[in-house]
Amino acid sequence: NETPAKSFYRRFYLPLDAKGVVKISSEMLSEKYSLELPRINYEHHNGRPYRFAYCLGVISTSFFDSIVKLDTVTRETRVWSEENMFASEPVFVGAPDAKKEDDGVVLSVMLSQNPEERKPFLIVLDAATLTEVARAEVHCRIPTTFHGSFFPAKTLLK
C-alpha cells in the first residue's frame, strides 16, 4: 500500500527589483491537506496580494476528491466534497458587484468514481462559505480533466 505524494501550499517571495544573484524566501501556508492547482480572484488580485485560494484537495482518497478554500492569512481551510466523486480544477468567478475578495462562486466539474452509477455534474459553490449554490447534471460521459476555465458570455460574443 503506497502513500501518495503530498503537495504543500507554499508562497515564494521574489525580489523583482534585485540585480545579480537574488535570495528567494518562502513561507508554508498549508500542510494540512495535499493541495494542487490553486486559483485566486485573478481579476482583482493577479500579481497583487491575495487572501483566498481555491484548490483541488486530496482528503480521503489518493486522487483529487475535494475543493479546498485556503485563507492565506489565518491558514484556515474550508472543504467541500461528495462521496465517491472526483473534482476538476476549481474556477473562481467573481460576482459582478463584488465588495470582498471572495464575493462570487467557485465552479468545478465533478466526476464519479463509478460512472455507471452516477452522472457527472457541474458544482457551483458560494466562494465565501464553500456551500453548494447549485449543480447541473450532465447526461453524458465527460473525460477526466484537471483544468477548468470560465468565459463570460460577453467575451464569447465578440
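The model is predicted, so local features need pLDDT of at least 70 and side-chain atom pairs count only at pLDDT 80 or more, while totals for chains, interfaces and linings use all residues. Residues are numbered from 1 along each chain as its sequence is written, and side-chain values use heavy atoms, with hydrogens and water left out.

## Overall picture

Let us begin with the fold. The protein has 2 helices and 11 strands; helices (H or I, at least four residues) and strands (E, at least two) are DSSP runs, numbered from the N terminus. Read from the N terminus on, the order of elements is β-β-β-α-β-β-β-β-β-β-β-β-α.

Of the 158 residues in the protein, 35% are buried. Here buried means under 20% relative accessible area, exposed means over 50%, and partly exposed lies in between (1.4 Å probe, protein chains only). The accessible surface comes to about 10300 Å², and carbon and sulfur atoms contribute 53% of that surface. These areas come from the Shrake-Rupley method with a 1.4 Å probe, and for residues only the protein chains shown count as cover.

Among contacts with a separation of 6 or more, 41% join residues 24 or more positions apart; a contact means heavy atoms within 4.5 Å.

## Salt bridges

Side chains of opposite charge can pair when their charged atoms come close. The structure holds 6 salt bridges, each being a side-chain nitrogen of Lys or Arg within 4 Å of a carboxyl oxygen of Asp or Glu. Three of them are set out here.

| Salt bridge | N to O distance |
|---|---|
| E89 and R39 | 3.2 Å |
| D71 and R51 | 2.9 Å |
| R135 and E82 | 2.6 Å |

Next come D71 and R51, which form a salt bridge with their closest N and O atoms 2.9 Å apart. D71 belongs to strand β5 (residues 66-71) and R51 to the loop between α1 (42-45) and β4 (52-58), so the pair ties together parts that are 20 residues apart in sequence. D71 is buried at 9% relative accessibility, whereas R51 is partly exposed at 32%.

The salt bridge of R135 and E82 spans 2.6 Å, N to O. R135 is in strand β11 (residues 132-137) and E82 in the loop between β6 (77-81) and β7, so the two tie together parts that are 53 residues apart in sequence. R135 counts as partly exposed at 31%, while E82 is buried at 19%. Together with E132, the residues E82 and R135 are linked in a network of salt bridges.

Y54 lies in strand β4 and F92 in strand β8, so the pair ties together parts that are 38 residues apart in sequence. Y54 is buried, at 1% relative accessible area, and F92 is buried at 11%.

Y54 also turns up among the contacts of P38. Leaving aside neighbours within four places in sequence, P38 is in contact with Y9, A53, Y54 and C55. P38 lies in strand β3 and is partly exposed, at 36%. P38 and A53 are 15 residues apart in sequence, and their C-alpha atoms are 5.8 Å apart in space.

## A nonpolar patch

Which residues make the nonpolar surface patch of about 540 Å²? The patch is made by F12, L14, L16, V22 and I24. Patches consist of residues with over 30% relative accessible area and no salt bridge; like charges are joined within 9 Å, and nonpolar side chains (Val, Leu, Ile, Met, Phe, Trp, Tyr) within 5 Å. F12 is placed in strand β1 (residues 9-13) and is exposed, at 52% relative accessible area.
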